[in-house]
Amino acid sequence: MKKIVLFSVSLVILSFSEAQVKTTPANKPAAAKKPVTAAKPVPVLKNAKDSMSYAIGMLDGNFFKMQGITEVNAQLLGKGFDDILKGKALMSPEQADQLIRREMQRMAQKKNQSTIDEGQKFMAQNAKRAGVKQTASGLQYEVMTEGTGPKATLADLVKVHYDGTLLNGLKFDSSRDRGQPYETRLDAVIGGWTEVLQLMSQGSRYKVWIPYQLAYGNQGSGQIPGGAALVFDMELVEIVKQ
């Protein structure tokens, strides 16, 4: 839980720092100042300790709510906080972190199950098409053009042209639309890319289907929903040796 607890503390520190930057005269010429609107007073409960306790609970609650957790045992939540302060917690921070991660993964899996099922059904059918090859990891690809150049390794920097779409055809990214190939190391991209780029010779162009486990998993990214399988039209333009 170290990372999660620090997240809330970081929020408080960040908010305090931003407030100071905004109100420090040296950061802005006097003539450019705008009228200062009085901040709303912080609600005070019985005392300062009560107010701080509520604020900590609110920030932690907001964080976990954003992660999809909407129901907890408030009594045990308070006990866990109290136990860690007294040095008699029932589990280590590492165990607590693992437990939280596992539960959040389970919840994300449940939330994304229909998208996962759709992808798995598509991949099962796609694997039967002539010309489609499937690796042990579940990655599928079809050779559109087979290059004659060298193959890249994990230590190489490569330039790749690509179009990325969801199974429904929605394009979420394209280096071709930008007019410039994407430059990256093979070990700095999603698993599906790392695997297929090692199969391609320089000059090759493949159509690639990547299962969600080798893409953005249950988290998703931008327009890519959690659990989504991805489709790429990829061309290995150049291998830049390092």
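# Core, salt bridges and surface of a predicted model

Trp 193 lies in helix α7. The model is predicted.

User: How many helices and strands does the protein have?

Analyst: Read along the sequence, the elements follow the pattern α-α-α-α-α-β-β-β-β-α-β-α-β-β. The totals are seven helices and seven strands.

User: Is Trp 193 buried or exposed?

Analyst: Residues under 20% relative accessible area count as buried. Trp 193 has a relative accessible area of 4%, so Trp 193 is buried.

User: Which residues does Trp 193 touch, not counting residues up to four places away in sequence?

Analyst: Trp 193 belongs to helix α7. It is among the residues with the most contacts inside the largest nonpolar core. Leaving out residues up to four places away in sequence, Trp 193 touches Val 160, Tyr 162, Tyr 182, Ile 210, Phe 232 and Met 234.

User: Which element gives the largest share of the largest nonpolar core?

Analyst: That core has 26 residues, and those with the most contacts inside it are Trp 193, Val 196, Leu 197, Val 208, Ile 210, Phe 232 and Met 234. Two or more residues each come from β3 (157-166), α7 (191-197), β6 (205-210) and β7 (230-240). The largest share, five residues, comes from β7.

User: How far apart in space are Trp 193 and Val 208, C-alpha to C-alpha?

Analyst: Both Trp 193 and Val 208 are among the residues with the most contacts inside the largest core. In sequence they are 15 residues apart. Their C-alpha to C-alpha distance in space is 9.0 Å.

User: Which residues does Val 196 touch, not counting residues up to four places away in sequence?

Analyst: Val 196 is also listed with the most contacts inside the 26-residue core. With residues up to four places away in sequence not counted, Val 196 touches Leu 139, Tyr 141, Tyr 206, Val 208 and Met 234.

User: How many residues are in the second, separate core?

Analyst: Phe 63, Phe 64, Ile 100 and Met 104 are included in this second core. Its total is five residues.

User: Which residue's side chain makes a polar contact with the side chain of Asn 218?

Analyst: Asn 218 is found in the loop between β6 and β7. Its relative accessibility is 18%, so Asn 218 counts as buried. Residues that Asn 218 touches include Gln 105, Ala 108, Asn 112 and Tyr 212. The side-chain polar contact, at 2.9 Å, is with Gln 109.

User: How far apart are the closest N and O atoms in the salt bridge of Glu 103 with Arg 106?

Analyst: Glu 103 and Arg 106 both lie in helix α4 (residues 93-111), three residues apart, about one turn of the helix. Glu 103 is partly exposed, with a relative accessible area of 31%, and Arg 106 is partly exposed at 46%. Their closest N and O atoms are 2.6 Å apart.

User: Which parts does the salt bridge of Arg 176 and Asp 163 tie together?

Analyst: The side chains of Arg 176 and Asp 163 meet at 2.8 Å, N to O. Arg 176 counts as partly exposed at 23% relative accessibility, whereas Asp 163 is buried at 16%. The two residues are 13 apart in sequence, so the pair ties together helix α6 (residues 175-178) and strand β3.

User: In which strand is Asp 233, which pairs with Arg 176?

Analyst: Arg 176 forms a salt bridge with Asp 233, the closest N and O atoms being 3.5 Å apart. Asp 233 counts as buried at 17% relative accessibility. The pair links distant parts of the chain, 57 residues apart, with Arg 176 in helix α6 and Asp 233 in strand β7.

User: Which residues are linked with Arg 176 in a network of salt bridges?

Analyst: The protein has a count of 15 salt bridges. The network links Arg 176 with Asp 163, Lys 171, Asp 177, Arg 205, Asp 233 and Glu 235.

User: Which residues make the nonpolar surface patch of about 340 Å²?

Analyst: One of its members, Met 58, is in helix α2 (residues 48-66). Met 58 is partly exposed, with a relative accessible area of 48%. The patch is made by Leu 45, Tyr 54 and Met 58.

User: What percentage of the accessible surface of the protein belongs to carbon and sulfur atoms?

Analyst: Of the 242 residues, 30% count as buried. The accessible surface comes to about 16200 Å². The share that belongs to carbon and sulfur atoms is 58%.

Key. Residues numbered from 1 in each chain as written. Predicted model: local features only at pLDDT ≥ 70, side-chain atom pairs only at ≥ 80, totals over all residues. Heavy atoms only, no water. Patch = residues over 30% accessible without salt bridge, like charges linked within 9 Å, V, L, I, M, F, W, Y side chains within 5 Å. Areas by Shrake-Rupley, 256 points an atom, 1.4 Å probe, with all protein chains shown as cover. Salt bridge = Lys/Arg side-chain N within 4 Å of Asp/Glu carboxyl O. Helix = DSSP H or I, 4+ residues; strand = E, 2+ residues; numbered from the N terminus. Buried < 20%, exposed > 50% of the residue type's maximum accessible area, 1.4 Å probe, protein only. Core = buried A, V, L, I, M, F, W, Y, C linked by side-chain atoms within 4.5 Å. Contact = heavy atoms within 4.5 Å. Polar contact = N/O pair within 3.5 Å; in protein donor to acceptor, adjacent residues only side chain to side chain.
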